[in-house]
Amino acid sequence: MKKVLSLVLSLMILCLAIPAMADGLAVGTYDPATAGDVELGFGWWGNQVRDEVTKNAADFFTENYPNITFNLNAQTWNNYWALMSTYAANNDLPDVMQQDYAYIEQWVEAGDLLDLTPYVESGALDLSSMPQNIIDTGKVGDGLYAICCAVNAPAMLYNKTLTDSLDIEVPLNITWDEFADISRQIYEATGIGVIYGDGNSENPLTYYSRSLGYNALWDAEGLLADAEEMAGYYQRLIDGVKEGWLFDTDKLAGVNTADLAQYPLVYGASNDVRVWCTLAFSNQVAAYQNAATADGIELGFSTWPSSDPVASNYMKPGQFFAVTTDAENPDLAVAFLNYLLNDVQGNILLRAERGVPPCTATASAIAEEVGKADPTYPASVKYLAFVGENCSPIFPPLPSYAGTAQTEVIQYLAEECLLKGTSMTAEEAGRLAVEMIAEIAANY
């Protein structure tokens, strides 16, 4: 009897010694139950849906670890960065904060983010099913300061209902010539056009520059492509407008491209204000499809058009999570971060709202459940798997002058080249792009 009691006692002690996996949450090697009563700060930017699903995931963590509660701080994009900067100045940042690829380096330089390398090496932070090229996007120098929490990729979303009705097949890794040919066919048959290159976004130009063999659009000194190479991009805009299938500036003036529900891919009373595709990102397909369903439209995926699709394609980290140097219990913050990345039920609650999880095991494990609420999710996972095998490493973070260059140069030249009957030549636009951005870079 004594031996039996001794064995039972030993088993009880062993069970008590097992780390926090007892509750079934993927928290790594640290047991949150040992942290005492703690309020963990967690900040992010987003929207109402993101706020709701993130709160649900945090609440589920508390259900399993009642000693851990949360101070949740959800903001809009603009408010978020202003508020976090104030917190940083007061050494009062939340334990875990959402980060953006473009800003990680400056936050590291300010000493606000914790190097997570030791936690990965010890196994406390499990990145075993995350591709190394995605892990590397959170590195600054030799340190790992942020972890990608969602991946997406450039995705051309198109009206598959329309293309099927016209017996047109849209290939993956579509070339520019194929794209222009399909656009002409659709325009001639229906009057439905294309929006390309509008706005102040550098994304289409970056995609084009990568097709020329450059990794990025620009560096600290200016554009990587020369004037002649840049002229090739602007010639596409001028030719498309001249041929009629590309929306010109007059047409764009009457289109609300900022409101997804009114975007011409999914909204419009007549074909002359409709488009057959849009250059988006894979994490936007659910929102577009929800809007398109009202018109009975099924959307399809392809890559953005490029002369060299594999060179242009890239996997994009949607957002990042980082542990701040203000965290009072970094081990606990890392355990929560591990949960956000690897826990299946937690990610079902998150609903892949930020994008497809970067840990492939998690992305696959939640596909069936997330697919019930979002039928586009399995297709997104499949598309990203394709891009992952047909892409090049992502470009480095944007240079500090990028915002100014976008508003003062990229926007201006796009508007000029999209004017119907523009007097600007592609050669002139290419020269101006190089000269004006070099001047901005030199004086920034």
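Mentor: Let us start with how a crossing angle is defined: each axis is a line fitted to C-alpha atoms, for helices over the stretch in contact, and the angle runs from 0 to 180 degrees between N-to-C directions. Please keep in mind throughout that this is a predicted model.

Trainee: With that convention, how do the axes of α9 and α10 cross?

Mentor: The two axes come within 10 Å, and the crossing angle of α9 and α10 is roughly 125°. Angles of 65 to 115 degrees count as roughly perpendicular and those over 145 as roughly antiparallel, and α9 and α10 are therefore oblique to each other. As for hand, the crossing in which α9 passes α10 is right-handed.

Trainee: Which residues of α9 and α10 meet?

Mentor: From α9 come Pro204, Leu205 and Tyr208, and they meet Glu229, Met230, Gly232, Tyr233, Tyr234 and Arg236 in α10. Sorted by class, this contact of α9 with α10 has six nonpolar residues, one polar and two charged.

Trainee: At what angle do the axes of α10 and α20 cross, and within what distance do they come?

Mentor: Helix α10, residues 227-243, and helix α20, residues 426-443, have axes that come within 7 Å and cross at roughly 130°. On the α10 side the contact is made by Ala227, Met230, Ala231, Tyr234, Gln235 and Ile238, while α20 brings Ala426, Glu427, Ala429, Gly430, Arg431, Ala433 and Val434. By class, the contact of α10 with α20 has nine nonpolar, two polar and two charged residues.

Trainee: What is the volume of the largest cavity, then, and which residues line the largest cavity?

Mentor: The largest cavity has a volume of about 100 Å³, and among the residues lining it are Cys149, Phe321, Leu340, Leu341, Asn347, Leu350 and Arg354. Both α14 (330-342) and α15 (344-350) supply at least two residues each to the lining of this largest cavity, which by class has eight nonpolar, two polar and two charged residues.

Trainee: How many residues line the second largest pocket, and which lie nearest its centre?

Mentor: A pocket, unlike a cavity, is an open set of points, and the second largest pocket holds about 350 Å³ of space. Its lining has 16 residues, of which Gly41, Asp92, Leu93, Pro94 and Asp95 lie nearest the centre. Strands β1 (38-45) and β2 (68-75) each supply at least two residues of that lining, and β1 gives the most, with five. By class, the lining of the second largest pocket has six nonpolar, five polar and five charged residues.

Notes:
Residues numbered from 1 in each chain as written. Predicted model: local features only at pLDDT ≥ 70, side-chain atom pairs only at ≥ 80, totals over all residues. Heavy atoms only, no water. 1 Å grid on protein atoms, 1.4 Å probe; cavity = no way out; pocket = protein on both sides within 12 Å on 5 of 7 lines; lining within 4 Å. Points joined across faces, edges and corners; volume = space filled by probe spheres on them. Helix = DSSP H or I, 4+ residues; strand = E, 2+ residues; numbered from the N terminus. Nonpolar A, V, L, I, M, F, W, Y, C, P; charged D, E, K, R; others polar. Contact = heavy atoms within 4.5 Å. Parallel < 35°, antiparallel > 145°, perpendicular 65-115°, else oblique. Left-handed = near helix turned anticlockwise from the far one by under 90°.
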